[in-house]
Amino acid sequence: MLSAKLRDALANLLPGPGEDEAYLGTPTLRDAAVLIAFTDRADPGVILTQRPQWLRSHAGQVAFPGGKIDPGDRDAIDAALREAEEEIGLSRRDVMIAGVTEPYRSGSGYRITPVLGVIPPDLPLDPNPDEVEDWFEVPLDILFDPDNYARQHAHWQGQDRHYYDMDWQGRRIWGVTAGIIVNLARRLPAGWHR
């Protein structure tokens, strides 16, 4: 079962520090959580969302379902499940939580806890148009292969920044989302889902 393999992989993460945007020195970080939803199939995938183009912040970007941890949330897991339900209609009863990994510190002021879970394949997800333009599934072997990402550099808001970037079927996966993926891909034991 994929959830047992994922729990075992999380218990045996390879050593090594992850990369994030802590080098930007953002003084105050707010807690947030994202759900990395693996589909339980022979060739697993991961669910990602595309934000609407009209949004003021992060318009059109690819992201995991997730957001700020609200005062009413018990923890990062509760927040990630709530956000996934609000954003794509993924019921928390359909998610088997495997665990969490180290938070990713973003330059936009968030300490983001990745929550890993397994969901049944081919669920009829219903995106909230106020938050999500579309959702899609990327095969795990493609998404979690660090060789599929290019390390990029840019000068933005007066600072030199680096980030990872990947194109998959015309969708650009980059920034924080790509950083979380690359960090996890580097630490998961090879072939963990086979």
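The model is predicted, so local features need pLDDT of at least 70 and side-chain atom pairs count only at pLDDT 80 or more, while totals for chains, interfaces and linings use all residues. Residues are numbered from 1 along each chain as its sequence is written, and side-chain values use heavy atoms, with hydrogens and water left out.

The structure contains 17 salt bridges, a salt bridge being a side-chain nitrogen of Lys or Arg within 4 Å of a carboxyl oxygen of Asp or Glu.

I begin with Asp-122 and Arg-41, whose closest N and O atoms are 3.1 Å apart. This pair links distant parts of the chain, 81 residues apart: Asp-122 is in the loop between strand 7 (110-119) and strand 8 (134-139), and Arg-41 is in the loop between strand 1 (30-39) and strand 2 (45-50). Helices (H or I, at least four residues) and strands (E, at least two) are DSSP runs, numbered from the N terminus. Asp-122 is exposed, at 63% relative accessible area, and Arg-41 is partly exposed, at 28%. Here buried means under 20% relative accessible area, exposed over 50%, and partly exposed in between, for a 1.4 Å probe and protein chains only.

Next, Asp-78 and Arg-92 form a salt bridge with an N to O distance of 2.8 Å. Asp-78 belongs to helix 2 (residues 76-88) and Arg-92 to the loop between helix 2 and strand 5 (96-100), so the pair ties together parts 14 residues apart in sequence. Asp-78 is buried, at 7% relative accessibility.

Finally, a network of salt bridges links Asp-70, Asp-73, Arg-82, Glu-83 and Glu-86.
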